Amino acid sequence: MTPIGGIHHVTSIVADPKRTEEFYAGTLGLHLVRKTVNFDEPSVLHFYFGDRRGSPGSMITFFVHEAEPPGRCGPGHVSSVVFAVPPGTLLSWRHRLIERGADVMGNAWSFGEECLCFRDPDGLELALTEDANEQITEEPADRAIRRIRSVEIQIEGFQHTSKFLTERLGFEEFGKEGAVFRFLDGPPERPIAVDLLCTPTHRPGHTGPGVAHHIALRVADSEALGRIATMLANCGFDVTPALDRHYFQAIYFRGPCGVNFAIATDGPGFAIDVPNERSGEMLSLPPWLEPKRAAIERRLRNKNPALAKTPTAPKKPL
């Protein structure tokens, strides 16, 4: 079985790019790794937030749909994304979030871990949990989000999704608390968790701002991606071909619970086009969209005038 290396990224939907950048880069202190577009729909902005390098596992990304009504979470959707922070920092994080006007819901305990729960401006449920494996570096403690620690998925049933995680993706069942079942994967020293919340009587949800679009799990390279794509196709999943996302290769499919999944490679990464310290200042486009840059930027400015001052990427030498 091709090993899953944890979570690569989670992608959600937002309605306001400026508000999103202020919250994730300002309040949460993440780095705007890339400001680009949805390669399948270039009129839609796509933001990547994560650590300075845009490391797989650190990133949460957003499609900007300004005119779309708010989404609603329900069975078949991601109900929470939890970030790992260094030990002893939850109290300072709580003060920071409250001072900046975040929608803080309070603290909760899950599988022996304390979580500080809050929502982003579009209503996506987030949480922070201390992880002994995540040490404080040069960044202030309340700006030291390291990676995505876990995701929670609402489901109606249980058997098909649990078998999908364990028998197809190699997760191990960890335990149960009430209606929540936890599955672990990734490196033993830095495991990630997928929690299944069984809510068979909840009303259906629908996508839109405030609701996650897909979860991307990570593999090492394109060879591993090909093996897992073949395995999933042989098991009856309708898997896309490997798609070039410029910064990684990815396949996409719908899981048994209805959630959209992706499997993404670790490379080539975000250092292939512009230096990361400049990436948030410009609209980055892959080579095959560069000839359409003027039209893409014009459409984006028409949809959101605040982007009028966004500088373009420098031209590469011939």
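Strand S13 and strand S16 (residues 260–268) run parallel and are joined by 5 bridges. Here helices (H or I, at least four residues) and strands (E, at least two) are DSSP runs, numbered from the N terminus. This is a predicted model, in which local features need pLDDT of at least 70, side-chain atom pairs count only at pLDDT 80 or more, and totals for chains, interfaces and linings use all residues. Residues are numbered from 1 along each chain as its sequence is written, and side-chain values use heavy atoms, with hydrogens and water left out.

**Around strand S13**
- Ile215 stands opposite Phe261 in S16.
- S13 also pairs with strand S1 (residues 7–14), in the antiparallel sense over 5 bridges; two strands pair if DSSP finds at least two bridges between them.
- His9 stands opposite Ala216 in S13.
- S13 (residues 212–219) is largely enclosed by the rest of the structure, because 6 of its 8 residues are buried (under 20% relative accessible area; exposed is over 50%, partly exposed in between, with a 1.4 Å probe and protein chains only).

**Helix H6**
- Arg293, Ile296, Glu297 and Leu300 are buried in helix H6 (residues 293–303).
- These residues lie on the same side of H6, because they cover an arc of only 95 degrees around the axis, taken from the directions from the helix axis to the C-beta atoms.
- Ala294 and Asn302 are exposed on the face turned away from the buried side of H6.

**A loop residue**
- Arg146 sits in the loop between strand S8 (125–130) and strand S9 (147–155).
- The relative accessible area of Arg146 is 15%, so Arg146 is buried.
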